[in-house]
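Thanks for making the time this morning.

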Amino acid sequence: MSALLSINRRPGKLWSFLQFPLTRFFLAVLFVTVPVTLLQLAAGTLTPSSGQVRSQGRIAALLELGSGFNPEATGIENIFLYAATMGLTHAQVSTRLDAICAFSGLSSEHLAMPVKTYSSGMQVRLAFAVATSVEPDILIVDEALSVGDGVFAKRSFDRVMQLRE
């Protein structure tokens with residue numbers, strides 16, 4: 001499936017119109033050298049001061065460590081909260097919960113603890129597991145995965161390649 005990302009800006013500025021027809025794989029290549037601000041605009045986590053950003057398709061983004069999580073809530077509670085921000089219902093998350101937990105590699109004991117007690121690697125594991133479980137049309141990831149261990153990095157790469165198909 002392809003998605004569309006359009007960014008409009010008033011004439012006379014640095015750029016006036018960009019439109020990206022995207023496939024899941026192409027997005028990763030496109031945003032390698034893009035400033036974080038543009039990634040935030042594309043993800044919808046930042047509102048432009050002028051112009052507009054329009055997207056077509058479900059977007060999942062891992063841009064800042066811990067963003068989208070409530071530090072006081074447990075890992076399980078955050079799975080439901082984070083997935084809801086990406087448009088999933090409670091029932092849809094419930095059907096995917098076991099797979100999300102398994103992919104994250106976090107124990108049930110850890111998932112019952114508040115996220116504020118998690119290491120940065122644990123937070124990334126959980127965020128990536130949720131973000132990819134929603135089957136996004138556009139997956140935006142910056143250096144967030146760099147805090148994970150090598151084994152998880154390999155699993156993450158494999159998951160991105162699965163989404164690409």
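Let me begin with how elements are named: helices (H or I, at least four residues) and strands (E, at least two) are DSSP runs, numbered from the N terminus. Under that numbering, α4 is followed by G105, whose phi is positive, near 75°. Before going further, please keep in mind that this is a predicted model, in which local features need pLDDT of at least 70 and side-chain atom pairs count only at pLDDT 80 or more, while totals for chains, interfaces and linings use all residues. Residues are numbered from 1 along each chain as its sequence is written, and side-chain values use heavy atoms, with hydrogens and water left out.

Staying with α4, which covers residues 90-104, the helix bends by about 50° at R96, where the bend at a residue is the angle between axes fitted to the seven residues ending there and the seven starting there. Within α4, the residues V93, L97, I100, C101, F103 and S104 are buried, and by buried I mean under 20% relative accessible area, with exposed being over 50% and partly exposed in between, for a 1.4 Å probe and protein chains only. Those buried residues of α4 pack against α3, α5 (108-111), α6 (120-133) and α7 (150-164), a contact being heavy atoms within 4.5 Å.

That brings me to the nonpolar cores, each a set of buried Ala, Val, Leu, Ile, Met, Phe, Trp, Tyr and Cys residues joined through side-chain atoms within 4.5 Å. The largest of them has 30 residues, and I79 and Y82 have the most contacts inside it. At least two residues of this core are supplied by each of β4, α3, α4, α6 and α7, and its largest share, eight residues, comes from α6. Apart from it lies another core, of seven residues, which includes A42, A61, L63 and I140.

Now to the rings, which for Phe, Tyr and Trp (its six-membered ring) pair if their centres lie within 6.5 Å, planes under 30 degrees apart counting as stacked, over 60 as edge-to-face and the rest as tilted. The structure holds four aromatic pairs. In one of them, F128 and F152 have ring centres 6.1 Å apart and planes at 85°, so the pair is edge-to-face. Because F128 lies in helix α6 and F152 in helix α7, the pair ties together parts that are 24 residues apart in sequence. F128 counts as buried at 0% relative accessibility, as does F152 at 1%.

What sits around F103? F103 forms one aromatic cluster with F128 and F152, and the charged end of R155 sits over the ring of F103, 4.8 Å from its centre. R159 lies over the face of F103 as well, at 3.9 Å from the ring centre, the criterion being NZ of Lys or CZ of Arg within 6 Å of the ring centre and within 35 degrees of the ring normal.

Finally, the structure holds two salt bridges, that is, a side-chain nitrogen of Lys or Arg within 4 Å of a carboxyl oxygen of Asp or Glu. E72 forms one with K116, the closest N and O atoms being 3.1 Å apart. Since E72 lies in the loop between β4 and α3 and K116 in the loop between α5 and α6, the pair ties together parts that are 44 residues apart in sequence. D158 forms a salt bridge with K154, with the closest N and O atoms 2.9 Å apart.
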